[in-house]
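Good morning. Please have the model open.

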There are 2 protein chains.
Amino acid sequence: MEGGGARNGSTTGAARTGGSGGDAAGGGGGGSAGNGKPLPPCCVKARAAAPESEAKCHATVVSGWFTEPRSRGGKTSKVQYYNNPMWPGEAHSLKVEKILYQGKSPYQEVLVFESSTYGKVLVLDGIVQLTDKDECAYQEMITHLPLCSIPSPKKVLVIGGGDGGVLREICRHGSVESIDICEIDQLVIDVCKDFFPDLSVGFKDPRVRLHVGDAVEFLRNAPEGTYDAIIVDSSDPIGPAQELVEKPFFDTIARALRPGGVLCNQAESMWLHTHLIQDMLSICRETFKGSVHYAWTSVPTYPSGVIGFLLCAKEGPPVNFLTPANPIEKLEGAMEAGRDIRFYNSEMHRAAFVLPTFARRELEAYCTTIEREQQEETTAEPLKMNIMPNSEILTAS
Amino acid sequence: MEGGGARNGSTTGAARTGGSGGDAAGGGGGGSAGNGKPLPPCCVKARAAAPESEAKCHATVVSGWFTEPRSRGGKTSKVQYYNNPMWPGEAHSLKVEKILYQGKSPYQEVLVFESSTYGKVLVLDGIVQLTDKDECAYQEMITHLPLCSIPSPKKVLVIGGGDGGVLREICRHGSVESIDICEIDQLVIDVCKDFFPDLSVGFKDPRVRLHVGDAVEFLRNAPEGTYDAIIVDSSDPIGPAQELVEKPFFDTIARALRPGGVLCNQAESMWLHTHLIQDMLSICRETFKGSVHYAWTSVPTYPSGVIGFLLCAKEGPPVNFLTPANPIEKLEGAMEAGRDIRFYNSEMHRAAFVLPTFARRELEAYCTTIEREQQEETTAEPLKMNIMPNSEILTAS
């Protein structure tokens, strides 16, 4: 059970057991990918679960590390911090008010605590998955970036996402007729129903069909060309979940999408892993053959404070991810459905594809911008289709 | 010396001694603003300097806290983390390879260490100011957001910024004829010359005039209407540096700017302090009377992974911050001058003003968008002035 945890719900049992088997203690150490290939050192995730054995001896060490700041008198104070290991060399600590839940499923350790400034926190295998304060950024962006890029999405599949947050966001889209979700870990679903009602509310929508099981198997059995959109709310694509960033997995995704259907996959931090993102973009360009893009947004409790998204369109009707074809502001009731929208809007959608110079240099060559080529051919009034109300940002590409 | 540290060099001695005087130990505690008004609890910065007295007893505790992760055998390992307290309730830890410098000026404690994944790190009064890895985001954005918003800036003033990074960025602008910098702490300048040559290189430009002293006094003595742009690379505007976010300080800035001149001030995180940002926007709107905007960007080692910028134009020729009037890509030699540009580009400039829905709700009413009102009056071809090469993002506002 060592190695990277799921970001936001887990996905395949097969993937999770194929991970690294090192035995090093502490905040880093060697590791190997699921295929036995050694990982580059920057990609060896801090071993969140390493103190697990110790946890059995010390009641205060739950999962991950706790730090106890020294007080002036030299004694330790009662203040407790949950130390979220990120990548080797850094960690982010959150002050713990109260441990609310600790348990273990066949797949992972599950911890919920009340933090003093980020609300409730969900931790899987020692890695912070979400907090009340900033979950809006991740859930809204991973959902609306793909769904607002295509007109009238009807059939949607979520892989992972057992907390229900992505479901909550999909439900804002009135055009959606059915939502399949394939989550391997029933415990994540149950715990989130108890402690994160604002997320698990997504499961209450009658359009949702829950499949508890292995995502790879589910995809293999899905009829070809079924989905308008697939959202992979998955493990970090390193170590145990390596399989989820390799070509065979993307092939099964592409098979399950209709022509012109779209995939959105969480895709790590541009500050930490551009080479990994390059690999994912290369594979996806080869697999999906439509436009392939990288987007990012701010999530304070994720490593380096950002998270990336891989957006891919299957060959078919062209998709211009850079400008929402299906803007959320124009969807009836979408802004108010369930909880208010806190993060996403059409301007944030466009801005998410704008990359800092270093990331642009390293990633732009790996993206496919079918929409640009097509627009270049249209010389008459190339901007017309993008004209939006005053004060909005437009893309000319 | 307790309370918030300077973000990126210090500014006024007067401001820094007028801060909080609490005596609480640990990672948080009460505090009061420079004016004696109690701070809201969310604004009491983690007391980075609290373990200072302890530092004299324990050689391993330098400034701020160090955490020593437990190893499997129950003994502490030799791995050392620098624990950067952010705001109450959270901290970010960086693994320390080697302490390179420790010292104390009349104004603050100065620490430089080599981290294992972010390169060299500068710490003032226990707060991380910059790291080799991500300084590009802060330095480039705080400089080019204002300088690329006005045509041909000639006279520029930097307040704080003793590391030299902002100077390095200003020097890319060939139109600039003189650069004044007012930094109170000679030690910061000297230490950065020794350990951060990629930043302090900014001091070598013959256009730079260094003034070591109090910024408020410097501004009072500056001839009225002198500067095209002023960049405040200052302390966090809470506690000791409270004076730097109050009306009298902004009045002296406005006085020193020419009509239509611009200010860029670091302005905290939208995730943590929207009420503080609202206060700053209100004061600036009243003071500068031109357009006033909030922008943000990603900086992994700052609290919540982002930093904000306040952009204000003095009454006079209107300034549209949202679209660079003076795009860096068109400035001869700017991209290559000294070090390559790593973060800023014209698309990032526009995207920096796009706010998540929660921040837009809380801040938009406080911004003045003179450029929008003016463009609304121009009904003929309103988009024309914004048309940029294909693939660039445009603003219609």
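The centres of domain 1 of chain A and domain 2 of chain A, taken over C-alpha atoms, are 24 Å apart. Domain 1 of chain A covers 96-129 and domain 2 covers 134-377; such bounds come from an automatic or database domain assignment. To their contact (heavy atoms within 4.5 Å), domain 1 of chain A gives 16 residues and domain 2 of chain A gives 12 residues.

A word on conventions. This is a predicted model, in which local features need pLDDT of at least 70 and side-chain atom pairs count only at pLDDT 80 or more, while totals for chains, interfaces and linings use all residues. Residues are numbered from 1 along each chain as its sequence is written, chains are lettered from A and ligands numbered from 1 in the order in which they are written, and side-chain values use heavy atoms, with hydrogens and water left out.

Back to the interface. Domain 1 and domain 2 of chain A bury about 1,200 Å² between them, 75% of it on carbon and sulfur atoms; buried area is the accessible area (1.4 Å probe) that two parts lose on being put together, summed over both.

Now helix 8 of chain A, residues 247-256. Helices are DSSP runs (H or I, at least four residues), strands likewise (E, at least two), numbered from the N terminus. Among the elements covering them are helix 7 (215-221), strand 11 (257-266) and helix 9 (274-288) of chain A.

How values were computed:
Buried < 20%, exposed > 50% of the residue type's maximum accessible area, 1.4 Å probe, protein only.
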